[in-house]
Amino acid sequence: MRVDDEYKGVLNTMTIMDLPTTASVKSSGEQALDAARAQLAGAARFLGLDDGLHRMLATPRRSLTVAVPVRREDGRMEVVQGYRVQHNVSRGPAKGGIRFHPATDLAEVTALAMWMTWKCALVGIPYGGAKGGVAVDPGSLTTRELERVTRRYVNEILPLIGPEKDIPAPDVGTDEQTMAWIMDTYSVNAGYSVPGVVTGKPMTLGGSLGRAGATSRGVQLATQMALGSDPAGKTVAVQGFGKVGALAAQYLADAGMTVVAVSDASGGVHRAAGLDVTALRAWARENGSVPGFPGGDPLTNDELLALDVDVLIPAALEGVLHAGNTPGVKARLIVEGANGPTTPEADLILADKGTTVVPDILANAGGVIVSYLEWVQNMQAYSWSAAEVEVRLADLMETAYGAVRDLSAERDISLRQAAHAIGVGRVAEAHGARGLYP
Ligand code: NAD
């Protein structure tokens, strides 16, 4: 049986195809977790894992839900939910970002933690997978409120994190400043400075050269490896203009590609002859979002996803390419800057259309790779040059990409199936070597 058929079987038994349209519709986080588990099930079947190990890998090692009380500027107290999930720590300390988004929930954080486990194994860095989240809209808080939420959340998850245990990093809605507050809160509790507790920190606190653009640089490298030829003149559309999307657009434009459209949560802009990405980034910084940029015409997120481009880069949130809109996708190549942007149903539609998809756990791994390099520098109390970081990033990305491409070709499976087979296989191997305690 081909893995594709098995994958379809898993989907059918999980009834993702027949999502109810009533109030019992699953949250986007629950759908992401279904997708992550379907991908794992496909890999487990491919690898011939026994049921017990498969079940263990489908279940997070530790999940913590915390209440985060926050004092608003007007004196009111509100309570938001926070989460930290360590999916697996068999290959090393848990590693994964912290997301501030109103729709985040335990299921979403669990899915993201699971993807982190496979991603770290795939690119060969000695970490397990984790993720954190706080169900809050950072845009609705003042800077002081945001600092209070961050510090209180960190205080609640303090027993789980640490440079040898679990190392957070930025994700949607968090940034270098958030990491600085986390590092400070942890350090004050420890009684001494612990830079290695987070990555994606400001340079002044032990951040690494190259970390801010690392995920985007990895997306650029993955795009170029997938195109396999000179990227100059190829067209690209980028959904999401945050930390990952904006710099991915910049690096691809710098490499000679024509960035014809970008969007963020408020809408997008389009220019067939190519957008001036540097000017657009300056506009978005000054105005807070992309729409209104004078160097292009307005377009919606749905229109962006359906553009006739060589490359589409989803770099926002999960589940944006689904059964409803994927039949209209015209891009020949999709490079997943975001985690989980393609639902399993959309994956099958894209496979039928012959669209190549470079999966998230490979395409956006540049971020965790340079996070690892930052952590190594912190543990050694030594800093590397930007060039050293770039070379190591490119080396790890190229090695992982080559392994995925070769397995995909050898076994006639998709790049996603190959990436999961390698990532899950390495974690399973680590479990086998360690054995079960007691
Ligand atoms: P961010 O918060 O910096 O940016 C998110 C962007 O997505 C913003 O421009 C936002 O407006 C946009 N967006 C939100 N909802 C949208 C919607 N419905 N339609 C279109 N755009 C929308 O977050 P980020 O760090 O750039 O992360 C983006 C994705 O990349 C996430 O899936 C994240 O998990 C993944 N990722 C991030 C990193 C990292 O280092 N930051 C590493 C690996 C993967």
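Guide: Aromatic rings here are those of Phe, Tyr and Trp (its six-membered ring), and two pair if their centres lie within 6.5 Å; planes under 30 degrees apart count as stacked, over 60 as edge-to-face and the rest as tilted. This is a predicted model, where local features need pLDDT of at least 70, side-chain atom pairs count only at pLDDT 80 or more, and totals for chains, interfaces and linings use all residues. Residues are numbered from 1 along each chain as its sequence is written, and side-chain values use heavy atoms, with hydrogens and water left out.

Visitor: How many aromatic pairs are there by this rule?
Guide: The rule looks at ring centres and planes. Applied here, it gives a count of aromatic pairs of 4.

Visitor: Which kind of pair do Trp283 and Phe293 form?
Guide: Their ring centres are 6.3 Å apart. The planes stand at 70°, so the pair is edge-to-face.

Visitor: Where in the chain are Trp283 and Phe293, and how many residues apart?
Guide: Trp283 is in helix H9 (residues 277-287); helices (H or I, at least four residues) and strands (E, at least two) are DSSP runs, numbered from the N terminus. Phe293 is in the loop between H9 and strand E9 (297-299). The pair links distant parts of the chain, with a separation in residues of 10.

Visitor: Is Phe293 buried or exposed?
Guide: Buried means under 20% relative accessible area, exposed over 50%, partly exposed in between (1.4 Å probe, protein chains only). Trp283 has 23%, so Trp283 is partly exposed. Phe293 has 8%, so Phe293 is buried.

Visitor: Which ring has the charged end of Arg392 over it?
Guide: A charge sits over a ring if NZ of Lys or CZ of Arg is within 6 Å of the ring centre and within 35 degrees of the ring normal. Arg217 lies over the face of Tyr251, at 3.8 Å from the ring centre. For Arg392, the distance is 4.0 Å, and the ring is that of Trp384.

Visitor: What is the bridge partner of Ser63 in E2?
Guide: Two strands pair if DSSP finds at least two bridges between them. E1 and strand E2 (residues 77-88) pair in the antiparallel sense over 10 bridges. In E2, Ser63 is bridged to Val85.
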